[in-house]
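I am opening this notebook to keep track of what I look up, one entry at a time, while I find my way around a structure that is new to me.

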Amino acid sequence: MPITYTTAQSDEDLRQIMALQRQNLYKNTPATYQQDQGFTTVEHSFEVLKQMNDALPQIIAKDGDTLVGYALVMPRTMGQLVPELVPMFDIVAELEWQGKRIGDYRFYVMGQICIAESHRGQGIFDGLYTAHKEHFSPDFELCVTEVALRNTRSQRAHERVGFRTIYTYEDYTDVWNVVVWDWS
């Protein structure tokens, strides 16, 4: 069955996002797995994920009825909703891109991307970001996210689809590259 890209439509979609997220959390995976396969850092509660989905639809990939990937969306107004993301939200609007403050662009934050291990290497990462661009580029000029410096698989994948690193910083959880994808 072909992979379909859509938006989270139901509580079940949100629960499947949470299940995939938990399987890939850095605290639930060994370091060797993280180096080879990547990892997720933030664990969202159902309530937070629901708020995010109500504000902007979450982009998901499905194989039949099974969620096999997601790329979360957070509007800039939700910067204080997830404690682990506060440092990024505090600095990102002040960073510069192409000689202009990011805060002066229409931007949103891509909150996390994850592909089920069984479906990696099939182009789903790129497909999720293509769906992001198709869905959000009419309303936004930039997609901004951060990638843990030690998550080299994710960094390479983000660069492949068009993200560029504009800033590196350290917070209480990790060292991060802030990356921007310019659609303007």
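The entries below go from the sheet to the helices beside it.

Entry 1. I note at the outset that this is a predicted model.

Entry 2. I looked up the strand order and found an open sheet of seven strands, arranged β1-β2-β3-β6-β7-β9-β8 with mixed pairing. Because β1 (3-7) and β8 (164-170) each have a single partner strand, they stand at the edges, and one side of each is left without a neighbour in the sheet.

Entry 3. Which residues of helix α3 (residues 46-55) are buried? I listed Val-48, Leu-49, Met-52 and Asn-53. They sit on the same side of α3, because the arc they cover around the axis is only 135°. This made me recall that an α-helix has 3.6 residues a turn, so residues three or four places apart point the same way. On the other side of α3, I found Glu-47 and Asp-54 exposed.

Entry 4. Lastly I asked what the buried residues of α3 pack against, and the partners are α1 (11-23) and β3 (66-74).

Terms used. Residues are numbered from 1 along each chain as its sequence is written. This is a predicted model: local features need pLDDT of at least 70, side-chain atom pairs count only at pLDDT 80 or more; totals for chains, interfaces and linings use all residues. Side-chain values use heavy atoms; hydrogens and water are left out. Buried means under 20% relative accessible area, exposed over 50%, partly exposed in between (1.4 Å probe, protein chains only). Helices (H or I, at least four residues) and strands (E, at least two) are DSSP runs, numbered from the N terminus. The arc is that of the directions from the helix axis to the C-beta atoms. Contact means heavy atoms within 4.5 Å. Two strands pair if DSSP finds at least two bridges between them.
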